[in-house]
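The following briefing concerns the structure shown below.

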Amino acid sequence: MQASLSSSAPAPVKKKLVIMGRSGAGKTSMRSLIFSNYTANDTRRLGATIDVEHSTVQFMGELNLNIWDCGGQHKYLDNYLGEEKENIFGNVEVLIYVFDLETNNREGEYTLYDECLQGLETFSPDAKVYCLIHKIDKVPDDQREPTVESYRRALAKRSDRFQPGVYGTSIWDHTLYRAWSQIVYTLVPNMAIIKKHLYNFCRLTDATEVVLFERSTFLVVCCSSFGGDDEDAINEKYMSVSQVIKMYRNMCRQNQSAFRSVQVRNKHYTMFIEPFTKSTYILVITVDPEIEPAVTKANIEAARNHFIKLAD
């Protein structure tokens, strides 16, 4: 059954993201891995950020992320929280504070975080706040969730109105993709419409799961399931796919080969990862053996022009 859907295009929008934290916390490494196609090993050659590094990233077509990566050395922090406070914290859509799990001064980290929130309170009171408890790979597996939870409780007490999202992250596994997918999810202006139509596509094509990835970063934008796992379970599963595909695509680039698509078919399911719109890839899984791969590919093609209006 081929999909037939309709909708309107989004307006262009620019949103400011500020990344803050102490020097050496890993702010530039995670930004480079997510937005600049670095591998985890590549980040070892990055130097310390000097003052503020500005970059603008086009995400999902009409959404431009204006990223302010703030150097964490004391002389810069004093400036951000002093004479540059309005410039740094004005018109902020999202503050991402990176806590370094290797720090010897956790209370000092909290103090800097408090001062950042004071800047937001004054100049961007409606901003969203995310706290990344970074280098979680340094913590034994059975202690990771308790460690993140201890930060979550402490930050909830001192964050007042901002109610931060708190995630454990590492550049060495999918946790970084999970956190950043959640962050950008809140920024896409017409996300509710995209989700609605992705669900309709899933239902109309008899797919079991459908996932939309942003083309450049391969972050999960949204997903839908028809009779399968709930959304949180699907999201968790496909964060790992984000990491694997991004790594594979980097390998293709290093070997001067072009990554195009993936198709897997076995007795349990058929999976496609296909270029979809100018700014997205789509993953479609079917478990019904009666559905031929050609039909699924035809459905993807039939829906493409419609989703171009939504996502590009």
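Arg45 and Asp42 are joined by a salt bridge between their side chains, with 3.5 Å from N to O; a salt bridge here is a side-chain nitrogen of Lys or Arg within 4 Å of a carboxyl oxygen of Asp or Glu. The model is a predicted one, in which local features need pLDDT of at least 70 and side-chain atom pairs count only at pLDDT 80 or more, whereas totals for chains, interfaces and linings use all residues. Residues are numbered from 1 along each chain as its sequence is written, and side-chain values use heavy atoms, with hydrogens and water left out.

**Salt bridges**

- Arg45 is exposed at 61% relative accessibility, while Asp42 is partly exposed at 21%; buried means under 20% relative accessible area, exposed over 50%, and partly exposed in between (1.4 Å probe, protein chains only).
- A salt bridge also links Lys138 with Glu102, whose closest N and O atoms are 4.0 Å apart.
- Because Lys138 lies in the loop between β5 (128-134) and α5 (141-158) and Glu102 in the loop between β4 (94-100) and α4 (106-123), this pair ties together parts that are 36 residues apart in sequence.
- Helices (H or I, at least four residues) and strands (E, at least two) are DSSP runs, numbered from the N terminus.
- Lys138 has a relative accessible area of 54% and is exposed; Glu102, at 42%, is partly exposed.
- Glu145 and Arg152 form a salt bridge through their side chains, at 3.5 Å from N to O.
- Asp100, Glu102, Lys135 and Lys138 belong to one network, joined by salt bridges that share partners.
- Across the whole structure, the search finds 18 salt bridges.

- Helix α6 (residues 175-185) is largely enclosed by the rest of the structure, because eight of its 11 residues are buried.
- Ser29 is located in helix α1 (residues 27-35) and counts as buried, with 16% relative accessibility.
- When neighbours within four places in sequence are set aside, Ser29 is in contact (heavy atoms within 4.5 Å) with Thr43 and Leu46.

**The chain as a whole**

- The protein chain contains nine helices and 11 strands.
- Its radius of gyration is 20 Å, close to the 20 Å from the globule rule for 312 residues, so the protein chain is as compact as a globular protein of that length; the radius is taken over C-alpha atoms, and the rule is 2.2 Å times the number of residues to the power 0.38.
- Along the principal axes, the C-alpha atoms fill a box of roughly 65 × 40 × 40 Å.
- Of the 312 residues in the protein chain, 53% are buried.
- Contacts between residues at least 24 apart account for 71% of those between residues at least 6 apart in sequence.
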